[in-house]
Amino acid sequence: MIVLAIDAALGGFSAAVARDGAIVASRTAAGGTALEAGLGSVSAILAQARVEAASLDRLAVGTGPGTFTGLRIAIAYAKSLAQAWGRPLVPVSSFDMLEYGLDPTRVLTVVVGRPGVISARYRAGTASVRDSGDVRAVLAAVVPDDPSPLTVIGASKDVLAALAERRILVQSVEPRVTPPAAAAALIATSRAPAASVHAVRADYGELPAAKAPKN
């Protein structure tokens, strides 16, 4: 199986191609350049992997949480390419991309948003809970008081400090697979595609800072 994946939720625009469960090519453009560099990166990564669009079995896209503009651009590109090439599209959560390749007993995966704001998912075994908003409020909502070690992925200094104040034993680790699109491509190899491209939606993680006034 050959999968092309793109992501712009986690700090830059990345693209990757997986063939039979292994990454054969990946590429990252600087953050904030998804609109200008996105399609060029896709063309370059296909050329690097020596893969024609007709040979792709499916596409994958990071659906967030993450940056508002990056998500909109990457998902729009992925939907357009999937429709143009007649290929199914697999949505992949930012949490799943960050966690891919790790299997700790307890894990907190964090996507940092605006200053002081995060989206986080806590997972222990098959149970998971997530929340978005103020750092301390989110951590209080999702992380139980538990003396066992907690693996933390993607946390900023304020998140680690808040956990330390609660005397939670933390092991902070980096994502095992980078760039994010590479993890998305590997995940999508064995995950069912969306029923249609229209079913793929962005997960922004938090409510917009400004709301439209009521009429």
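**Close-up A. Helix 2 from end to end.** Helix 2 covers residues 68-85, and its 18 residues reach 26 Å from the first C-alpha to the last, close to the 26 Å expected at 1.5 Å a residue. Keep in mind throughout that this is a predicted model. Look for the buried residues along the helix: they are Gly70, Leu71, Ile73, Ala74, Ile75, Tyr77, Ala78, Leu81 and Ala82.

**Close-up C. Strand 1 beside strand 4.** Zoom in on one pair from the sheet: strand 1 and strand 4 pair in the parallel sense, over 4 bridges. To get your bearings, find Ala5, which stands opposite Ala60 in strand 4.

**Close-up D. The largest nonpolar core.** This core has 29 residues, and the ones that touch the most other members are Leu4, Ile6, Val17, Leu46, Val61 and Leu89. Helix 2 gives the most, with 8 residues. As a rule, nonpolar side chains in soluble globular proteins tend to be buried together.

**Close-up E. Around Val61.** Val61 is one of the core residues that touch the most other members. Setting aside residues up to four places away in sequence, Val61 touches Ile6, Ala74, Ile75, Ala78, Leu89, Val90, Pro91, Val92 and Val200. Among these, Ala74, Ile75 and Ala78 are also on the list of buried residues in helix 2.

**Close-up F. Ser132 and its polar partners.** Ser132 has its place in strand 8 (residues 127-134). The side chains of Ser132 and Ser119 are joined by a polar contact of 2.7 Å. The Ser132 side chain also reaches the backbone oxygen of Gly205, at 2.2 Å. Not counting residues up to four places away in sequence, Ser132 touches Ile118, Ser119, Val138, Gly205 and Glu206.

Close-up G. You'll find Asp96 in helix 3 (residues 94-99). Asp96 counts as buried because its relative accessibility is 19%, and the cut-off for buried is under 20%. The side chain of Asp96 makes a polar contact of 2.8 Å with that of Arg121. Leaving aside neighbours within four places in sequence, Asp96 is in contact with Arg121, Ile187 and Arg191.

**Close-up H. Pro175 in its loop.** Pro175 is found in the loop between strand 10 (170-173) and helix 6 (180-189). With a relative accessible area of 23%, Pro175 is partly exposed. Pro175 and Ile153 are 22 residues apart in sequence, and their C-alpha atoms are 6.7 Å apart in space. Once neighbours within four places in sequence are left aside, Pro175 is in contact with Leu98 and Ile153.

How values were computed: Residues numbered from 1 in each chain as written. Predicted model: local features only at pLDDT ≥ 70, side-chain atom pairs only at ≥ 80, totals over all residues. Heavy atoms only, no water. Helix = DSSP H or I, 4+ residues; strand = E, 2+ residues; numbered from the N terminus. Expected span 1.5 Å × (residues − 1). Buried < 20%, exposed > 50% of the residue type's maximum accessible area, 1.4 Å probe, protein only. Core = buried A, V, L, I, M, F, W, Y, C linked by side-chain atoms within 4.5 Å. Contact = heavy atoms within 4.5 Å. Pairing = 2+ DSSP bridges. Polar contact = N/O pair within 3.5 Å; in protein donor to acceptor, adjacent residues only side chain to side chain.
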